[in-house]
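The sequence and structure come first.

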Amino acid sequence: MKPILLALFLLLITSIQPSRLQAANETCRFFTEGSGQAEGATVGYSVCDDNQAGFLSAFNRWGLQKIGYPISRRYERDGFVTQAFQKAIMQWRVDSGTVVLVNIFDDMSRLGLDQQLLETHQTPRTLPAGWDGTGLSFEQIVQKRQGLLASRPALRAAYMAAGDPLIFFGLPTSTVTDMGNHYAIRLQRAVLQEWKEDVPWARRGQVTIANGGTIARERRVIPEMALIPEGGSSAAANPPLDSISGNPAPPVQSNSQPPASFDATVRDIDAFWQAHLAQNSHSYRAPKVITYGSEGVQTPCGFVDGGTAAYCAGAKTIYYDASFLTSLQQQSGALTPRIVLAHEWGHHIQNELQLIQPSSLEREIQADCLAGVFASAGGQHAMSAEEQNEAASLFALAGDEEALPQDNPFAHGSSAQRQAAFTAGVQKGLPSCIAGN
Ligand SMILES: [Zn+2]
(Lines give C-alpha, C1' and ligand atoms only; values in the text may rest on other atoms or scores of the structure.)
Protein backbone atom coordinates (compact mmCIF):
# COMPACT_ATOMS: atom_id res chain seq x y z
CA MET A 1 0.00 0.00 0.00
CA LYS A 2 2.87 2.34 0.66
CA PRO A 3 3.78 3.24 -2.94
CA ILE A 4 0.19 4.19 -3.65
CA LEU A 5 -0.14 6.26 -0.54
CA LEU A 6 3.09 8.00 -1.30
CA ALA A 7 1.57 9.50 -4.38
CA LEU A 8 -1.52 10.28 -2.52
CA PHE A 9 -1.51 13.58 -0.80
CA LEU A 10 -0.72 16.02 -3.47
CA LEU A 11 1.06 19.22 -3.01
CA LEU A 12 -0.08 22.69 -2.99
CA ILE A 13 2.28 25.32 -4.16
CA THR A 14 1.68 28.93 -3.43
CA SER A 15 3.75 31.86 -4.41
CA ILE A 16 3.86 35.54 -4.21
CA GLN A 17 1.25 36.86 -6.57
CA PRO A 18 3.20 38.62 -9.29
CA SER A 19 2.57 42.28 -9.07
CA ARG A 20 2.70 44.39 -12.13
CA LEU A 21 3.81 47.94 -11.72
CA GLN A 22 2.66 50.12 -14.53
CA ALA A 23 5.42 52.05 -16.16
CA ALA A 24 5.07 54.79 -18.69
CA ASN A 25 7.26 52.97 -21.16
CA GLU A 26 5.72 49.54 -20.66
CA THR A 27 5.34 47.43 -23.75
CA CYS A 28 3.79 44.02 -23.76
CA ARG A 29 2.85 41.23 -26.08
CA PHE A 30 0.05 38.91 -25.11
CA PHE A 31 0.18 35.22 -26.06
CA THR A 32 -2.62 32.73 -25.80
CA GLU A 33 -0.64 29.78 -27.17
CA GLY A 34 1.07 28.66 -23.97
CA SER A 35 -1.98 28.73 -21.71
CA GLY A 36 -2.91 25.13 -22.34
CA GLN A 37 -6.38 26.24 -23.31
CA ALA A 38 -8.33 25.31 -26.39
CA GLU A 39 -7.62 27.13 -29.60
CA GLY A 40 -9.33 30.47 -29.84
CA ALA A 41 -8.80 31.03 -26.14
CA THR A 42 -8.71 34.60 -24.96
CA VAL A 43 -6.58 33.85 -21.94
CA GLY A 44 -2.85 33.56 -21.88
CA TYR A 45 0.22 35.33 -20.55
CA SER A 46 1.80 38.66 -21.38
CA VAL A 47 5.50 39.22 -21.89
CA CYS A 48 6.56 42.75 -21.03
CA ASP A 49 9.33 45.24 -20.84
CA ASP A 50 8.55 47.45 -17.88
CA ASN A 51 10.18 48.82 -14.78
CA GLN A 52 10.36 45.34 -13.21
CA ALA A 53 12.02 43.36 -15.98
CA GLY A 54 12.86 43.34 -19.67
CA PHE A 55 11.50 39.97 -20.71
CA LEU A 56 10.00 41.13 -24.00
CA SER A 57 13.35 42.35 -25.34
CA ALA A 58 14.97 39.06 -24.38
CA PHE A 59 12.12 37.13 -25.98
CA ASN A 60 12.52 39.10 -29.20
CA ARG A 61 16.27 38.64 -29.17
CA TRP A 62 16.24 34.87 -28.65
CA GLY A 63 13.09 34.26 -30.66
CA LEU A 64 10.19 31.88 -30.48
CA GLN A 65 12.17 28.92 -31.81
CA LYS A 66 14.55 28.96 -28.88
CA ILE A 67 12.35 30.23 -26.05
CA GLY A 68 8.84 29.11 -26.97
CA TYR A 69 5.62 30.73 -25.80
CA PRO A 70 5.17 31.99 -22.23
CA ILE A 71 3.60 29.38 -19.94
CA SER A 72 3.36 31.41 -16.75
CA ARG A 73 2.83 34.86 -15.37
CA ARG A 74 5.69 36.52 -13.65
CA TYR A 75 6.53 35.14 -10.24
CA GLU A 76 9.22 35.59 -7.67
CA ARG A 77 11.92 32.98 -7.32
CA ASP A 78 14.91 33.40 -5.03
CA GLY A 79 14.13 37.10 -4.87
CA PHE A 80 14.20 37.60 -8.64
CA VAL A 81 11.39 38.36 -11.06
CA THR A 82 10.94 35.18 -13.08
CA GLN A 83 8.78 33.99 -15.98
CA ALA A 84 8.52 30.53 -17.52
CA PHE A 85 8.46 29.84 -21.24
CA GLN A 86 8.02 26.51 -23.01
CA LYS A 87 11.74 25.99 -23.50
CA ALA A 88 13.41 28.00 -20.76
CA ILE A 89 12.78 30.08 -17.65
CA MET A 90 13.82 33.72 -17.67
CA GLN A 91 14.97 35.63 -14.63
CA TRP A 92 15.65 39.35 -14.38
CA ARG A 93 18.86 40.41 -12.63
CA VAL A 94 18.37 43.88 -11.27
CA ASP A 95 22.07 44.50 -10.66
CA SER A 96 23.15 43.87 -14.24
CA GLY A 97 19.86 44.81 -15.88
CA THR A 98 19.89 41.59 -17.89
CA VAL A 99 17.88 38.43 -18.34
CA VAL A 100 19.49 35.16 -17.37
CA LEU A 101 18.05 31.70 -17.81
CA VAL A 102 17.41 29.57 -14.75
CA ASN A 103 19.43 26.34 -14.42
CA ILE A 104 16.15 24.52 -14.38
CA PHE A 105 17.54 21.05 -15.05
CA ASP A 106 20.07 21.45 -12.22
CA ASP A 107 17.24 22.60 -9.95
CA MET A 108 15.12 19.57 -10.82
CA SER A 109 18.09 17.33 -10.11
CA ARG A 110 18.48 18.90 -6.66
CA LEU A 111 14.78 18.36 -6.05
CA GLY A 112 15.34 14.64 -6.53
CA LEU A 113 13.39 14.46 -9.79
CA ASP A 114 16.02 12.76 -11.99
CA GLN A 115 14.33 9.38 -12.03
CA GLN A 116 10.99 10.94 -13.00
CA LEU A 117 12.66 13.06 -15.64
CA LEU A 118 14.26 9.99 -17.15
CA GLU A 119 11.09 7.91 -17.10
CA THR A 120 8.65 10.58 -18.19
CA HIS A 121 10.67 12.91 -20.37
CA GLN A 122 13.69 10.81 -21.41
CA THR A 123 16.02 13.30 -19.79
CA PRO A 124 19.49 11.77 -19.27
CA ARG A 125 20.72 11.52 -15.70
CA THR A 126 23.24 14.05 -14.47
CA LEU A 127 26.88 13.03 -14.18
CA PRO A 128 27.93 11.95 -10.70
CA ALA A 129 29.22 14.56 -8.28
CA GLY A 130 32.95 14.96 -8.58
CA TRP A 131 32.96 14.01 -12.27
CA ASP A 132 35.01 17.11 -13.14
CA GLY A 133 37.85 16.03 -10.87
CA THR A 134 39.76 18.50 -8.79
CA GLY A 135 42.15 21.33 -9.49
CA LEU A 136 40.72 22.35 -12.87
CA SER A 137 40.30 25.99 -13.78
CA PHE A 138 36.85 27.12 -14.92
CA GLU A 139 38.09 27.19 -18.51
CA GLN A 140 39.32 23.63 -18.25
CA ILE A 141 36.00 22.53 -16.81
CA VAL A 142 34.17 24.22 -19.67
CA GLN A 143 36.43 22.48 -22.17
CA LYS A 144 36.01 19.09 -20.54
CA ARG A 145 32.25 19.42 -20.29
CA GLN A 146 31.77 20.72 -23.82
CA GLY A 147 33.89 17.76 -24.94
CA LEU A 148 30.92 15.56 -23.98
CA LEU A 149 29.23 16.78 -27.16
CA ALA A 150 31.97 15.46 -29.42
CA SER A 151 30.35 12.09 -30.08
CA ARG A 152 27.37 13.65 -31.90
CA PRO A 153 28.42 16.46 -34.23
CA ALA A 154 24.81 17.52 -34.84
CA LEU A 155 24.25 18.03 -31.10
CA ARG A 156 27.51 19.93 -30.83
CA ALA A 157 26.56 22.16 -33.76
CA ALA A 158 23.15 22.92 -32.25
CA TYR A 159 24.77 23.78 -28.93
CA MET A 160 27.35 26.07 -30.49
CA ALA A 161 24.73 27.72 -32.72
CA ALA A 162 23.39 29.48 -29.64
CA GLY A 163 26.03 32.15 -30.10
CA ASP A 164 26.98 32.17 -26.48
CA PRO A 165 26.05 28.63 -25.44
CA LEU A 166 27.26 29.12 -21.87
CA ILE A 167 24.70 31.87 -21.37
CA PHE A 168 21.88 30.23 -23.25
CA PHE A 169 22.30 26.53 -22.43
CA GLY A 170 24.87 26.39 -19.62
CA LEU A 171 27.28 23.47 -19.45
CA PRO A 172 26.53 19.88 -20.45
CA THR A 173 25.63 17.84 -17.35
CA SER A 174 25.26 14.35 -18.85
CA THR A 175 26.87 12.18 -21.46
CA VAL A 176 25.18 11.89 -24.85
CA THR A 177 22.62 9.17 -24.15
CA ASP A 178 20.87 6.87 -26.61
CA MET A 179 17.14 7.18 -25.87
CA GLY A 180 15.89 4.81 -28.56
CA ASN A 181 14.49 7.12 -31.21
CA HIS A 182 16.88 9.95 -30.38
CA TYR A 183 20.17 10.90 -28.76
CA ALA A 184 19.89 13.31 -25.86
CA ILE A 185 22.26 15.42 -23.85
CA ARG A 186 21.33 17.24 -20.71
CA LEU A 187 22.52 20.80 -20.18
CA GLN A 188 22.08 23.01 -17.13
CA ARG A 189 19.17 24.89 -18.71
CA ALA A 190 17.90 22.65 -21.50
CA VAL A 191 18.00 19.22 -23.13
CA LEU A 192 19.04 18.77 -26.76
CA GLN A 193 17.60 15.88 -28.75
CA GLU A 194 18.91 14.56 -32.07
CA TRP A 195 16.26 12.49 -33.80
CA LYS A 196 17.17 9.12 -35.33
CA GLU A 197 13.93 8.90 -37.24
CA ASP A 198 11.19 11.19 -38.52
CA VAL A 199 8.82 12.26 -35.76
CA PRO A 200 5.85 14.62 -36.08
CA TRP A 201 7.91 17.57 -34.82
CA ALA A 202 11.29 16.86 -36.44
CA ARG A 203 12.99 15.10 -39.32
CA ARG A 204 15.61 12.41 -38.95
CA GLY A 205 18.95 14.00 -38.04
CA GLN A 206 17.38 17.23 -36.83
CA VAL A 207 18.15 18.56 -33.35
CA THR A 208 15.43 20.12 -31.21
CA ILE A 209 15.42 21.73 -27.77
CA ALA A 210 13.19 19.86 -25.35
CA ASN A 211 10.50 21.95 -23.68
CA GLY A 212 12.35 22.46 -20.40
CA GLY A 213 9.87 25.00 -19.05
CA THR A 214 6.94 22.73 -19.82
CA ILE A 215 8.72 19.83 -18.15
CA ALA A 216 9.31 21.99 -15.07
CA ARG A 217 5.61 22.86 -15.04
CA GLU A 218 4.61 19.21 -15.27
CA ARG A 219 7.02 18.31 -12.48
CA ARG A 220 5.34 21.09 -10.47
CA VAL A 221 8.35 23.24 -9.83
CA ILE A 222 6.61 26.39 -11.08
CA PRO A 223 4.31 27.90 -8.42
CA GLU A 224 0.73 27.13 -9.27
CA MET A 225 -0.41 30.70 -8.72
CA ALA A 226 1.91 31.75 -11.54
CA LEU A 227 0.21 29.33 -13.91
CA ILE A 228 -3.19 30.95 -13.70
CA PRO A 229 -3.71 32.56 -17.10
CA GLU A 230 -4.37 36.23 -17.47
CA GLY A 231 -7.72 37.42 -18.63
CA GLY A 232 -7.21 38.54 -22.18
CA SER A 233 -5.40 41.83 -22.26
CA SER A 234 -2.56 43.30 -20.31
CA ALA A 235 -5.05 45.63 -18.65
CA ALA A 236 -6.67 42.58 -17.09
CA ALA A 237 -3.39 41.05 -16.07
CA ASN A 238 -4.55 40.23 -12.56
CA PRO A 239 -8.19 39.25 -12.71
CA PRO A 240 -9.83 38.46 -9.40
CA LEU A 241 -9.01 34.82 -8.83
CA ASP A 242 -12.60 33.79 -8.49
CA SER A 243 -13.42 35.00 -11.94
CA ILE A 244 -11.36 32.28 -13.47
CA SER A 245 -12.21 29.50 -11.10
CA GLY A 246 -15.20 28.41 -13.16
CA ASN A 247 -13.80 29.07 -16.58
CA PRO A 248 -12.27 29.19 -19.13
CA ALA A 249 -11.03 25.66 -18.71
CA PRO A 250 -13.88 23.55 -17.46
CA PRO A 251 -12.08 20.38 -16.43
CA VAL A 252 -13.03 17.32 -18.39
CA GLN A 253 -15.68 15.55 -16.38
CA SER A 254 -14.67 11.95 -16.16
CA ASN A 255 -16.91 9.17 -17.28
CA SER A 256 -16.29 7.47 -13.97
CA GLN A 257 -19.22 8.49 -11.81
CA PRO A 258 -18.00 9.07 -8.26
CA PRO A 259 -19.55 6.68 -5.80
CA ALA A 260 -22.12 8.35 -3.62
CA SER A 261 -20.00 7.75 -0.54
CA PHE A 262 -17.44 10.34 -1.65
CA ASP A 263 -20.18 12.91 -2.15
CA ALA A 264 -21.27 12.20 1.39
CA THR A 265 -17.69 12.62 2.63
CA VAL A 266 -17.37 15.90 0.76
CA ARG A 267 -20.59 17.20 2.34
CA ASP A 268 -19.45 15.93 5.71
CA ILE A 269 -16.09 17.72 5.65
CA ASP A 270 -17.63 20.89 4.25
CA ALA A 271 -20.33 21.00 6.93
CA PHE A 272 -17.72 20.43 9.61
CA TRP A 273 -15.49 23.33 8.56
CA GLN A 274 -18.45 25.62 7.99
CA ALA A 275 -19.59 25.07 11.57
CA HIS A 276 -16.15 24.89 13.13
CA LEU A 277 -14.91 28.14 11.64
CA ALA A 278 -18.18 29.91 12.41
CA GLN A 279 -17.68 28.89 16.04
CA ASN A 280 -14.27 30.50 15.88
CA SER A 281 -15.65 33.62 14.14
CA HIS A 282 -13.92 32.92 10.85
CA SER A 283 -15.72 33.25 7.56
CA TYR A 284 -15.66 30.22 5.31
CA ARG A 285 -16.56 29.63 1.70
CA ALA A 286 -16.80 26.08 0.41
CA PRO A 287 -14.26 25.04 -2.21
CA LYS A 288 -15.37 23.72 -5.56
CA VAL A 289 -14.91 19.98 -5.79
CA ILE A 290 -14.32 18.39 -9.17
CA THR A 291 -13.90 14.73 -9.94
CA TYR A 292 -11.90 13.40 -12.83
CA GLY A 293 -10.64 10.09 -14.17
CA SER A 294 -7.35 8.30 -14.62
CA GLU A 295 -6.56 10.38 -17.73
CA GLY A 296 -5.85 13.36 -15.48
CA VAL A 297 -7.32 16.83 -15.64
CA GLN A 298 -6.28 20.27 -16.82
CA THR A 299 -6.75 22.85 -14.07
CA PRO A 300 -6.02 26.58 -13.86
CA CYS A 301 -3.00 25.51 -11.80
CA GLY A 302 -1.69 23.14 -14.44
CA PHE A 303 -2.20 19.52 -15.34
CA VAL A 304 -2.97 17.04 -12.58
CA ASP A 305 -2.23 13.37 -13.23
CA GLY A 306 -4.62 10.54 -12.61
CA GLY A 307 -4.15 8.54 -9.42
CA THR A 308 -4.14 11.42 -6.98
CA ALA A 309 -6.00 14.34 -5.48
CA ALA A 310 -4.99 17.98 -5.56
CA TYR A 311 -5.95 21.46 -4.48
CA CYS A 312 -5.62 24.49 -6.75
CA ALA A 313 -5.39 27.53 -4.52
CA GLY A 314 -6.01 30.10 -7.24
CA ALA A 315 -9.24 28.42 -8.25
CA LYS A 316 -10.16 27.32 -4.71
CA THR A 317 -10.90 23.90 -6.10
CA ILE A 318 -10.25 20.36 -4.92
CA TYR A 319 -9.74 17.77 -7.66
CA TYR A 320 -9.82 14.05 -7.10
CA ASP A 321 -9.54 11.01 -9.33
CA ALA A 322 -12.72 9.16 -8.38
CA SER A 323 -11.55 5.85 -9.83
CA PHE A 324 -8.40 6.12 -7.75
CA LEU A 325 -10.25 6.80 -4.51
CA THR A 326 -12.53 3.90 -5.32
CA SER A 327 -9.60 1.53 -5.70
CA LEU A 328 -8.05 2.85 -2.49
CA GLN A 329 -11.30 2.21 -0.72
CA GLN A 330 -11.38 -1.34 -2.06
CA GLN A 331 -7.79 -1.96 -1.03
CA SER A 332 -7.62 -0.28 2.34
CA GLY A 333 -11.08 0.55 3.52
CA ALA A 334 -13.44 3.49 3.57
CA LEU A 335 -11.27 5.56 5.86
CA THR A 336 -8.57 6.16 3.24
CA PRO A 337 -10.59 8.29 0.81
CA ARG A 338 -11.88 10.27 3.78
CA ILE A 339 -8.44 11.25 4.98
CA VAL A 340 -7.25 12.03 1.46
CA LEU A 341 -10.14 14.46 1.06
CA ALA A 342 -9.65 15.79 4.58
CA HIS A 343 -6.01 16.54 3.76
CA GLU A 344 -6.93 18.38 0.53
CA TRP A 345 -9.55 20.29 2.50
CA GLY A 346 -6.73 21.22 4.86
CA HIS A 347 -5.14 23.08 1.96
CA HIS A 348 -8.39 24.94 1.36
CA ILE A 349 -8.53 25.93 5.02
CA GLN A 350 -4.95 27.21 4.75
CA ASN A 351 -6.11 29.31 1.82
CA GLU A 352 -9.26 30.55 3.59
CA LEU A 353 -7.38 31.46 6.77
CA GLN A 354 -4.35 32.68 4.84
CA LEU A 355 -2.03 30.45 6.81
CA ILE A 356 1.27 31.11 5.11
CA GLN A 357 3.90 28.44 5.66
CA PRO A 358 7.59 28.93 4.91
CA SER A 359 8.04 25.76 2.85
CA SER A 360 6.00 23.24 0.94
CA LEU A 361 6.90 20.61 3.53
CA GLU A 362 5.43 22.70 6.34
CA ARG A 363 2.31 23.36 4.27
CA GLU A 364 1.82 19.63 3.81
CA ILE A 365 2.31 18.87 7.47
CA GLN A 366 -0.15 21.60 8.43
CA ALA A 367 -2.70 20.10 6.03
CA ASP A 368 -2.29 16.77 7.86
CA CYS A 369 -2.90 18.56 11.15
CA LEU A 370 -6.05 20.19 9.74
CA ALA A 371 -7.23 16.76 8.58
CA GLY A 372 -6.84 15.72 12.22
CA VAL A 373 -9.05 18.59 13.35
CA PHE A 374 -11.79 17.26 11.11
CA ALA A 375 -11.21 13.71 12.35
CA SER A 376 -11.66 14.84 15.94
CA ALA A 377 -15.06 16.36 15.33
CA GLY A 378 -18.03 15.06 17.21
CA GLY A 379 -21.60 14.64 16.11
CA GLN A 380 -22.40 13.23 12.72
CA HIS A 381 -18.84 13.82 11.49
CA ALA A 382 -17.27 11.75 14.21
CA MET A 383 -14.51 9.29 13.66
CA SER A 384 -14.38 6.72 16.42
CA ALA A 385 -11.23 6.55 18.53
CA GLU A 386 -10.41 3.35 16.66
CA GLU A 387 -10.77 5.09 13.31
CA GLN A 388 -8.62 7.98 14.50
CA ASN A 389 -5.86 5.52 15.37
CA GLU A 390 -6.21 3.79 12.05
CA ALA A 391 -6.08 7.12 10.24
CA ALA A 392 -2.93 8.09 12.14
CA SER A 393 -1.26 4.90 11.01
CA LEU A 394 -2.34 5.57 7.42
CA PHE A 395 -0.57 8.92 7.61
CA ALA A 396 2.49 7.13 8.93
CA LEU A 397 2.36 4.75 5.97
CA ALA A 398 2.21 7.73 3.61
CA GLY A 399 5.40 9.30 4.96
CA ASP A 400 8.20 10.11 2.55
CA GLU A 401 10.50 7.15 2.05
CA GLU A 402 13.54 9.34 2.38
CA ALA A 403 13.97 12.87 3.61
CA LEU A 404 13.45 15.36 0.80
CA PRO A 405 14.48 19.02 0.78
CA GLN A 406 11.85 21.28 2.38
CA ASP A 407 11.08 22.93 -0.90
CA ASN A 408 10.67 19.77 -2.90
CA PRO A 409 7.03 19.93 -3.90
CA PHE A 410 6.83 16.18 -3.34
CA ALA A 411 8.00 16.42 0.26
CA HIS A 412 5.15 15.61 2.62
CA GLY A 413 7.13 14.69 5.71
CA SER A 414 8.40 11.53 7.33
CA SER A 415 6.08 8.92 8.74
CA ALA A 416 6.67 10.27 12.23
CA GLN A 417 6.06 13.88 11.19
CA ARG A 418 2.84 13.07 9.39
CA GLN A 419 1.47 10.90 12.15
CA ALA A 420 2.39 13.49 14.79
CA ALA A 421 0.77 16.31 12.81
CA PHE A 422 -2.47 14.40 12.33
CA THR A 423 -2.54 13.35 15.98
CA ALA A 424 -1.91 16.93 17.14
CA GLY A 425 -4.88 18.06 15.08
CA VAL A 426 -7.03 15.34 16.62
CA GLN A 427 -5.97 16.00 20.20
CA LYS A 428 -5.31 19.73 20.33
CA GLY A 429 -7.42 21.16 17.53
CA LEU A 430 -7.13 24.10 15.18
CA PRO A 431 -4.97 26.39 17.37
CA SER A 432 -2.22 23.78 17.50
CA CYS A 433 -2.18 23.49 13.68
CA ILE A 434 -1.88 27.26 13.36
CA ALA A 435 0.76 27.59 16.06
CA GLY A 436 2.62 24.56 14.73
CA ASN A 437 2.83 22.63 17.97
ZN1 LIG B 1 -1.06 18.24 0.32
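## Basis and overall composition

Helices (H or I, at least four residues) and strands (E, at least two) are DSSP runs, numbered from the N terminus. On that basis the chain has 17 helices and 15 strands. The model is predicted: local features need pLDDT of at least 70, side-chain atom pairs count only at pLDDT 80 or more, and totals for chains, interfaces and linings use all residues. Residues are numbered from 1 along each chain as its sequence is written.

A residue is called buried if 20 or more other C-beta atoms lie within 10 Å of its own, exposed if 12 or fewer, and partly exposed in between, with C-beta atoms placed from the backbone. Buried residues account for 44% of the 437 residues in the chain. Two residues are in contact if their C-beta atoms, placed from the backbone, lie within 7 Å. Of the contacts between residues at least 6 apart in sequence, 61% join residues at least 24 apart.

Strands pair if DSSP finds at least two bridges between them. An open antiparallel sheet has the order β3-β4-β5-β6. β3 and β6 (98-101) are at the edges with a single partner strand each, so one side of each has no neighbour in the sheet. Neighbouring strands are turned by 25 degrees against each other on average, direction ignored.

Strand β4 (residues 80-85) has five of its six residues buried. Five bridges link β4 to antiparallel β3 (residues 70-77), and tyrosine 75 has threonine 82 as its bridge partner. The β3-β4 hairpin has two residues between the strands, and aspartate 78 in the turn has a positive phi of about 55 degrees. With β5 (residues 89-93), β4 pairs antiparallel over four bridges; threonine 82 is bridged to glutamine 91, and alanine 84 stands opposite isoleucine 89. Three residues connect β4 to β5 in a hairpin.

## Packing of α13 and α14

Axes are lines fitted to C-alpha atoms, for helices over the stretch in contact, and angles run from 0 to 180 degrees between N-to-C directions. Helices α13 (residues 335-352) and α14 (residues 360-375) pack at about 115 degrees, with axes 7 Å apart. The two are therefore roughly perpendicular, a term for angles of 65 to 115 degrees.

Residues of α13 in the contact include Trp345 and Ile349, and those of α14 include Leu370 and Phe374.

Notes. Parallel < 35°, antiparallel > 145°, perpendicular 65-115°, else oblique.
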